[in-house]
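Please read the following briefing alongside the sequence and the model, which are shown next. The points after the opening paragraph are grouped by topic.

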Amino acid sequence: MNRPSEPLRSLNDSSDNGSTHDGGARRATDQIDPYALIERAEKLINTEPHDAVVFALRAQSVARARTAETLMARAHFVAGSALMQVGDWSGATRQLSQAEQVYRAQDDVAAQCRVNILLATACCELGEYGEALDGFAEVQKLARHHNDHAGVRLALVHQSTVHTMLGDFDAARDSLKSSLELPSGSTADEGMVVLHHGLVDANEGLRAALAGEGGVVMRCMADAEDHFVIALELLSGSSDRSTAIAARTQQGAARCWLGKFSEGLTDLNAAVTEAAHSGFRSREVHARLELGYHLVGAGREHEGLAMLGPALMQAEELGDLRRPADSHERLSALYEARSDFRLALYHHKRYVEVKTRLDGRLSTQRARLHEARAELQKLRTQTAALHQKARDLEQSRSRLERLALEDELTGLANRRSFTKELESWCARARAGTLRFGLVVADIDGFKQINDRYSHLTGDAVLRQLGNVIRANLRDTDFAARLGGDEFALLLADSEGGAAMAVVDRLIDAVRKSSWAEFDNAMHVTISIGLCESSDFGDSSELVRRADESLYAAKHAGRDRVHLWNGSV
């Protein structure tokens with residue numbers, strides 16, 4: 001049976017020709033332009049796919065030596081696209097899967113859609129239709145989430161191809177109808193959708209022909225011809241010559257089925273000529289197979305068989321066994337309808353032989369594909385484990401950094417962090433960009449709290465005091481626990497008594513805090529020494545002034561602040 005025409009196949013090689021990483025290899029790859037290799041491969045995909053694979057693999061070697069991930073992904077994509085053209089579906093899947101991993105990591109949605117469409121197409125070619133439909137559905141979901149209408153349209157068109165191959169023509173038409181409901185794309189996009197509408201009609205007609213349902217054949221082929229005419233008009237002005245040639249081939253075939261041999265054979269000859277001129281070998285072979293079959297159908301058997309023989313061999317050279325199998329099946333049905341049972345049997349035997357080879361090849365490729373998937377799953381599991389380990393290490397590193405600068409008991413900065421911060425503030429003060437207040441504070445009678453209630457209670461008091469300090473400072477201030485019950489604060493913008501206001505509020509907050517959870521009789525107060533950053537030599541001088549002020553506050557009766565004023 002005739003197969004739906006794909007907009008573009010893809011290629012992939014299961015082998016990974018990794019270049020060595022010694023100095024000589026690096027110097028050699030440095031002389032090669034990988035972008036030129038990839039561009040050359042892209043140009044050869046439809047004309048010389050085997051050569052395209054070679055150029056793409058060479059580009060991969062160069063990209064690997066330069067550790068260029070984006071370039072490597074592009075080379076894998078091109079290699080996968082070319083391998084699909086030569087029918088190496090499992091090899092294509094290996095290449096495309098590697099490209100998909102990079103694009104997923106880069107969150108390149110458009111590239112992910114392109115790759116996953118080809119991966120699903122490969123599943124379809126291998127007969128894994130359920131996985132193919134799931135793949136196209138995933139592409140639609142991803143593309144819709146990112147408003148990528150082109151990606152959704154392409155996935156729907158490919159989805160219709162799977163339904164057509166399964167004989168579910170209504171579902172195929174529903175997919176194409178959904179694609180037409182999307183925001184308008186280019187003329188070429190519309191032409192591609194209309195072409196696939198025609199392919200659904202034509203394949204339904206071909207299935208009816210094999211079943212001997214003449215009326216259904218004529219109706220379906222008439223609808224197909226209408227669609228192909230419109231598709232060709234839409235595509236004629238586009239740069240997508242390959243799809244335009246496919247439309248002309250299908251138009252000619254539909255007209256021949258309708259008995260319009262003059263028009264149909266003219267279309268098919270034109271498609272052969274244009275494909276040969278453009279270098280699209282696969283399109284040329286397809287057109288020749290259709291032309292040969294319909295020449296036989298038109299009674300020009302000698303010309304038709306002369307066309308079919310070389311075309312069947314060329315198809316096999318390109319790795320395409322499906323079309324030769326379809327051609328022999330159709331010829332068998334044609335000769336049977338003419339009661340030429342000898343030729344019908346001959347072509348049926350040829351159909352069985354080619355189909356058996358095709359099934360064997362697909363079976364081998366499916367086995368390779370399952371191995372590749374197992375390897376890919378193992379790689380993804382290992383990658384996920386490495387990423388988790390990296391996250392754990394990063395969390396450990398962050399925790400260690402925090403512990404190095406944070407007091408574990410109160411959550412305030414520690415002495416090391418305070419010293420570093422004080423130096424920074426002093427530098428800004430000497431530069432004239434900041435005036436700040438330095439506070440040194442401790443708990444009045446803290447030793448008695450430890451002795452009377454225990455060190456665990458003392459720790460709890462320190463934690464609560466840390467919370468009180470945090471709650472009463474401004475966002476611009478800085479607080480640290482230096483050790484024991486000694487705390488230090490840096491109060492920004494201390495002009496006009498601002499620092500003193502903060503300190504007074506803090507002393508009052510400590511005084512009014514409830515310590516009843518430790519003992520109803522417990523009363524905690526703090527004493528504070530404050531100095532401002534004016535006329536100082538270095539940071540140690542400021543610390544000395546604050547310490548002296550704290551001593552004065554203690555000496556004056558505790559539970560108070562003393563501001564350094566040049567003497568204590």
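Glutamate 100 and arginine 104 share helix H5 (residues 89-105), where they sit four residues apart, about one turn of the helix; helices here are DSSP runs of H or I with at least four residues, strands are runs of E with at least two, and both are numbered from the N terminus. The model is predicted, so that local features need pLDDT of at least 70 and side-chain atom pairs count only at pLDDT 80 or more, whereas totals for chains, interfaces and linings use all residues. Residues are numbered from 1 along each chain as its sequence is written, and side-chain values use heavy atoms, with hydrogens and water left out.

**Salt bridges**

- The side chains of glutamate 100 and arginine 104 meet in a salt bridge of 2.8 Å, N to O, where a salt bridge is defined as a side-chain nitrogen of Lys or Arg within 4 Å of a carboxyl oxygen of Asp or Glu.
- Glutamate 100 counts as buried at 3% relative accessibility, whereas arginine 104, at 46%, counts as partly exposed; buried means under 20% relative accessible area, exposed means over 50%, and partly exposed lies in between, with a 1.4 Å probe and protein chains only.
- Another pair within a helix is formed by arginine 545 and glutamate 541, whose closest N and O atoms are 2.6 Å apart, and these residues are separated by about one helical turn because they lie four residues apart in helix H22 (residues 539-555).
- Arginine 545 is buried, with a relative accessible area of 4%, while glutamate 541 is partly exposed at 23%.
- Glutamate 42 and arginine 74 form a salt bridge through their side chains, at 3.2 Å from N to O; glutamate 42 belongs to helix H2 (residues 34-44) and arginine 74 to helix H4 (residues 69-85), so the pair ties together parts that are 32 residues apart in sequence.

**Nonpolar cores**

- The largest nonpolar core has 42 residues, and those with the most contacts inside it are Met84, Leu96 and Val115; such a core is a set of buried Ala, Val, Leu, Ile, Met, Phe, Trp, Tyr and Cys residues joined through side-chain atoms within 4.5 Å.
- Two or more residues of this core come from each of H2, helix H3 (49-65), H4, H5, helix H6 (109-125) and helix H17 (341-405), with H4 giving the most, at 10 residues.
- Another core, of 33 residues, lies apart from this one and includes Val439, Val524, Ile526 and Leu530.

**The sheet and its helix**

- Five strands make up an open sheet with the order S2-S3-S1-S4-S5 and mixed pairing, two strands being taken as paired if DSSP finds at least two bridges between them.
- Strand S2 (478-483) and strand S5 (561-563) stand at the edges with a single partner strand each, so one side of each is left without a neighbour in the sheet.
- The twist from one strand to the next averages 20°, with axes fitted as lines to C-alpha atoms, for helices over the stretch in contact, and angles running from 0 to 180 degrees between N-to-C directions.
- S2 pairs with strand S3 (residues 486-492) in the antiparallel sense over five bridges, and alanine 479 stands opposite leucine 489 in S3.
- Helix H21 (residues 498-512) packs on the sheet, touching strand S1 (436-443), S3, strand S4 (526-532) and S5, and its direction makes about 175° with that of S4; contact means heavy atoms within 4.5 Å.

**Positive phi in loops**

- Asparagine 147, in the loop between helix H7 (129-145) and helix H8 (149-165), has a phi near 55°, a positive value in a residue other than glycine, and counts as exposed at 60% relative accessibility.
- Serine 454, in the loop between helix H19 (446-453) and helix H20 (455-472), has a positive phi near 115° and is partly exposed, with a relative accessible area of 28%.

**Domains**

- The protein chain is divided into domain 1 (320-355) and domain 2 (415-563), with bounds that come from an automatic or database domain assignment.
- The centres of domain 1 and domain 2, taken over C-alpha atoms, are separated by 97 Å.
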